[in-house]
Amino acid sequence: MNGNAAPGVTGDGTARTRLERGRGALGPALQLVHTGRAPTRAVLTAQLGVTRATAGAVAAELAALGLIRVDVRPTAEAGAHGRPSHRLAIAEHGPVALAAQVHADGFRAALVGLGGRIVATAPACETVDADPARVLGSVVQSGAELLRETGRRCIGAGLAVPSAVAEPEGTALNPLHLAWPAGAPVREIFAAQVREAGLTGPAFAGNDVNLAALAEHRHGAGRGARDLLCVATGHRGVGGALVLDGRLHIGSSGLALEVGHLTVHPEGRPCHCGGRGCLDVETDPLAFLTAAGRTPGPEVSLLDQARRLIVEEPDESRVRAAIEALIDRLGLGLAGLVNILNPDRIILGGLHGHLLQAAPDRLGAVVAERSLWGRSTGGVPIRPCTLAHNSLVGAAELAWQPVLDDPLAALA
C-alpha cells in the first residue's frame, strides 16, 4: 500500500471500479427488481451474469439513488442452509410516476411507484369534456395535488386513452367514445399540461389496452409469457394488444391489434367502422346488457352494470343466455387471433375477464375448436387480468421506462 494513502482509499477505489464495470447493468438490474425477478442479491448476480461484488456495487448504487432497498441482515428461512443473501425490495418512499387514464365514463389520476405499486389515487371524475385540453388539464391537476400531498418526487407522466395512438405524432386516431376530434394531439396536450402544472420529467401517451397488457406482462397475469395476447373491453368497445419477447408490439405506426373490428357475427349490430357484427359492438358491456334484456341506467358505468349482473344474477335465464352468447362470439374472435399470432397465453380484461370466470370451460372449448393450434395442442391458456387499474399502471410504465433504461441519466 502507498504509505501516503489514507485508510480506506484502496477499498473505495475498488468499489468504484466495480461500479464502473457494472454501470451498464444498472438498468437491467433495476428492471429485474421492478418486475420481481430478483428478490435477492444472489438472484441478481445470477441473472446479470456478473460477480457478486459487482452485483453488490450495482445494488448499492440503486439504493443510493433512492430506487431500491437492500436488506443487509436478512433472516434465514426455516430449513435454509448457509448465510442468507441480501434481500432487494422497492424503496418504500422512492420516486413515483404520475399516471392518468381517460375513458368513456370518466378519468382518474394516480401516483405509481416502481414495482407497479399504486401509491395514491385521486377520486374518479365521471364527466369527460369534449375538449381534450380541459379533460387533461383536470386530470393533471388531480395528479399534481397528489404529489403535493405525498411530497414524492415525480419522474415523469403517462396517459392511457381509449383510442389507437398514432406514432410518432402521439395523436388519438379515433377517440369515438370520448367525442374528441379525430387526430387530437393528446401527447402534445398532455405534455403541455404537465409542464404548466410545474412537473418535471417526460410525458407519454398510449392506448389503454396496450398499456394494460404491458402492466399485466410485467406485474400481473402475463408474467412469464413470451408471446402474450391481451383482449379487453372496458367501458365501451374492445381493444387488443400483443407483447412479443417482452416488448409491446404496436406495429409500424402504433396501430397494431385493432381487434375490435374482427367480424364475429355477420348479421349482427352495425359498427361505427362501417362493418357489422364486430367484436367492438358484439362483446362490450352495452352488448351484454342489451342481450340480457336490461336497459342501461345513468347511475353507474356500463361496465359496472354488466359486471354486477354477472356476479349477482349469473343463473337468471336471460343473463346466462347473454353470457353464453358473448362468450361464443368472443371465442370466435380469439380463435382467429390464435391462428394468426400463435400466442403462448391469452389474458382477458374488463368485462371479458368476468365472462371467462363465469364460464371458463365454455370459452376454452370454443377457442380450441375454432383454432388450428387449439385442436392440435389442447388450447392456449386463457386467464383473467389480475391488476386493479392495469391501464393506469401501464401508463406509469411508460414514464418509468427511461429510468429503467438508464437510471443515472434519467435521475441526474
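The lining of the largest cavity divides into six nonpolar, three polar and three charged residues. Here Ala, Val, Leu, Ile, Met, Phe, Trp, Tyr, Cys and Pro count as nonpolar, Asp, Glu, Lys and Arg as charged, and the others, Gly among them, as polar. The model is predicted: local features need pLDDT of at least 70, side-chain atom pairs count only at pLDDT 80 or more, and totals for chains, interfaces and linings use all residues. Residues are numbered from 1 along each chain as its sequence is written, and side-chain values use heavy atoms, with hydrogens and water left out.

A search of the whole structure gives two cavities of 30 Å³ or more. On a 1 Å grid over the protein atoms alone, a cavity is a set of points where a 1.4 Å probe fits but cannot get out; lining residues have an atom within 4 Å of a point. Points are joined across faces, edges and corners, and a volume is the space filled by probe spheres set on them. The largest cavity holds about 60 Å³. Its lining includes Gly-66, Leu-67, Ile-90, Glu-92, Arg-117 and Arg-152. The second largest cavity holds about 30 Å³. Among its lining residues are Asn-207, Asn-210, Gly-254 and Glu-258. That lining has four nonpolar, four polar and one charged residue.

The second largest pocket has a volume of about 690 Å³. A pocket is an open set of points with protein on both sides within 12 Å along at least five of seven lines. Its lining comprises 28 residues, and Leu-214, Arg-218, Gly-246, Leu-248 and Gln-401 lie nearest the centre. Eight of the lining residues are nonpolar, eleven polar and nine charged. α7 gives the most, with five residues. At least two residues each come from α2 (26–34), β9 (203–207), α7 (208–219), β12 (247–249) and α15 (390–405). Helices (H or I, at least four residues) and strands (E, at least two) are DSSP runs, numbered from the N terminus.

α2 also packs against helix α3 (residues 41–48), at an angle of about 130 degrees and with the axes 11 Å apart. Axes are lines fitted to C-alpha atoms, for helices over the stretch in contact, and angles run from 0 to 180 degrees between N-to-C directions. The two helices, α2 and α3, are therefore oblique to each other. Angles under 35 degrees count as roughly parallel, over 145 as roughly antiparallel, 65 to 115 as roughly perpendicular and the rest as oblique. Pro-28, Ala-29 and Leu-32 of α2 meet Leu-44, Gln-47 and Leu-48 of α3. Contact means heavy atoms within 4.5 Å. Five of these contact residues are nonpolar, one is polar and none is charged.
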